[in-house]
Amino acid sequence: MQFEKVDMPEMAKASGARWRLLMRKHLIPGLSAVALVIGWADGSFPVHAQGGLVNNVQATAAPLAAPAQVAYDTAGNLYIADLNDNIIRKVDLAGMVTTVAGTGEQGFAGDGGPATSAQLDSPAGVTVDASGNLYIADTHNQRVRKISNGTITTIAGTGSAGFSGENGAAVSAQLSTPSALALDSSGNLYIADTDNHRIRKISGTTITTVAGNGEQGFSGDGAAATAAGIDSPNGVAVDASGRIYIGDTHNQRVRVVNTAGVISTLAGNGSKSYGGDGGAATGALLARPRGLSIDAAGNIYIADSDNHRIRLVATSGNMTTVAGNGSQGFAGDGGPAVNAILDTPRTPAAQASGTFALSDTNNQLVRWVGLDGVIRTIAGQASSGGRGTLTLNGASSIAWGSGSLTATFSNAGRTATGQVSLLDINSTGSTSVGSASLSNNVATISTATLSPGTHRLIASYVGDALNPAMTSSVFVLTVVPPPISDFTLTATGATTQSVNPGHTATFNFSIQPQGGVLNSEITLTTAGLPAGATAVLTPSTIASGSGATSLSLAIKMPALKAAGHLPSTPARAPLLPISAAVFLLPLLRNKHIRARFVRTQHMLFSLFFLLIAGAAALGLTGCGSGEFFAQDPQHYTITVTATATGAANTTLQHTTTVTLIVR
């Protein structure tokens, strides 16, 4: 019979704590999976259902089994290494959960095929790169695997536990219980090679050791990281500068390797205990620190597992607690994270500065702390240990200014007292919608204050002496905007403008809904333009849901040519005969002929000067394009029409006019 590898210090909890021994699944061919659970302090025997086949439901309705490393992708989706379910889960932005790798069967199979058809064995680590490729520490398969475009392959490890392969192909190297992963900005992958007591790096396809000499122990601070002693590292992270952070688990420290390859202690003094908040992290006390995460500001989050806390090392170097009060168990959802009760958290995942998820491993949950410092469960389902449920019910679509949702509490027939709050969840935290007291385990909260649009709502119960605090699953509610009774269309600014040919005049307008926001698109048209002119309305339509909106109308005139514009060549033509006549004059001996010729010459000169004067006059009226026109200013009435659909499919239409003068 093969038993799950269990770190004995994890089983030796304080007085009254639970301990357990899980039999490995599929121990004997032909027998179904079993799990023997020994020893809840209260004598009960909760059995956790495998959640691998639960998909496309709210993540808080899907059971997890020992969630280990958690990681965000660039879009904000959360990935969970669901260790005892032998799968990788994904929680999307709507809070829905799917399986992205593993069938739930414990084993090794599937390379080269769909990741969801592959077999994994106790995956403890997961990370995702900027391109969406997923990396898995397939822990008991002694491999690291990669999912690209849905296909899974092995990129490190032979499947046999051991140490080999340095400076060679990673797929030919041996690993020993890889438990955590991290990526740097260049795409290099770092592996917490736990039972080899090393941190290893895959660059391209080549594997090397970047920290640890393979000896289990503590040594080497201030010297080359590859010569240092490390003990069972369970966490690794890399910051934007390339510094490597190590959860040196059994050394009760977090260590850092700088860009020169030198290792030092960042947090923990080597004693397994709790203390040091508010002071320098190097003097603080940790108890089996595991997973690590770094936010954009450079703060370092630590899963201080046996202290049942998430600790933070700020950029100042000081240590604080950001989640967990040190008690082992479950409580606190909907309240301050520092007052919550956790059970052996394994890994945090920073989402943004001040917000992070954490795997609350022995509670079989993933929880999240927002900017408001409040903790909530975002994945995993409470087991049958008397934790209860809180559900939200009501219409999924309501008219603006109306409606309510009902929160119903249930916990083994117990009656709960206290307040239930309705919270509107967004990317930066949450806002309060309202609250109500439980009456017969039911609280009804108005949604009349919600703005039009889609909202993700949760109910949060504060708990009482007999019942724990808890939150509901996310309830998606659409608030439909009210129909507009009408709208106005007015010209703003100058309503009369002059423009020369080839130039543009711009008029401004305003649309103001009356009685609500627009629940219909408004279309816009123009009429009355001069011949050849073009008009551009910005925006060309007003979207449904808009409030007061400004728009502009740009009218561009074509360049005009005047009839009667004279080409330059004919104007110069008379010069040749006139010049010739001047030279021929002495040759004319007959005075009568000469007199007639002089009269003709005078007429030609007169015609020539008339042409010159006309050309000059035309030049004075030329436009910017160098061409000529002769016309009076023209007045055009431009009509702008806006059309929308009102209540009962009535047509709402308004017009306004402006005047364009073309010079």
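Predicted model: local features only at pLDDT ≥ 70, side-chain atom pairs only at ≥ 80, totals over all residues.
## The nonpolar cores

Let's start on the inside. The largest nonpolar core holds 24 residues, and F509, I511, I522, L524 and L660 have the most contacts within it. Several strands supply this core with two or more residues each: strand 36 (486-492), strand 38 (504-514), strand 39 (522-527), strand 42 (549-556), strand 43 (634-645) and strand 44 (651-662). In soluble globular proteins, nonpolar side chains tend to be buried together.

Leaving out residues up to four places away in sequence, I522 touches F487, I511, T541, I542, A642, T643 and A644.

## Salt bridges across the sequence

Now for the charged side chains. The whole structure contains 15 salt bridges. In one of them, the side chains of E166 and R200 meet at 3.0 Å, N to O. E166 sits in the loop between strand 9 (151-156) and strand 10 (168-169), while R200 belongs to strand 13 (residues 198-203), so this pair ties together parts that are 34 residues apart in sequence. E166 is partly exposed, at 29% relative accessibility, whereas R200 is buried, at 0%.

R311 and D277 form another salt bridge, also with 3.0 Å from N to O. Here R311 comes from strand 21 (residues 309-313) and D277 from the loop between strand 18 (263-267) and strand 19 (289-294), so the pair links parts that are 34 residues apart in sequence. R311 is buried, with a relative accessibility of 0%, and D277 is partly exposed, with 33%.

Next, look at D372 and R376, whose side chains meet in a salt bridge of 3.1 Å, N to O. D372 has a relative accessible area of 39%, so D372 counts as partly exposed. R376 has 4%, which means that R376 is buried.

## A buried serine in a loop

Is S232, a loop residue, buried or exposed? S232 is found in the loop between strand 14 (206-211) and strand 15 (235-238). S232 counts as buried because its relative accessibility is 6%, and the cut-off for buried is under 20%.

Which residues is S232 in contact with, leaving aside its neighbours within four places in sequence? They are T194, H197, Q216, G247, T249 and H250.

Technical notes. Residues numbered from 1 in each chain as written. Heavy atoms only, no water. Helix = DSSP H or I, 4+ residues; strand = E, 2+ residues; numbered from the N terminus. Buried < 20%, exposed > 50% of the residue type's maximum accessible area, 1.4 Å probe, protein only. Contact = heavy atoms within 4.5 Å. Core = buried A, V, L, I, M, F, W, Y, C linked by side-chain atoms within 4.5 Å. Salt bridge = Lys/Arg side-chain N within 4 Å of Asp/Glu carboxyl O.
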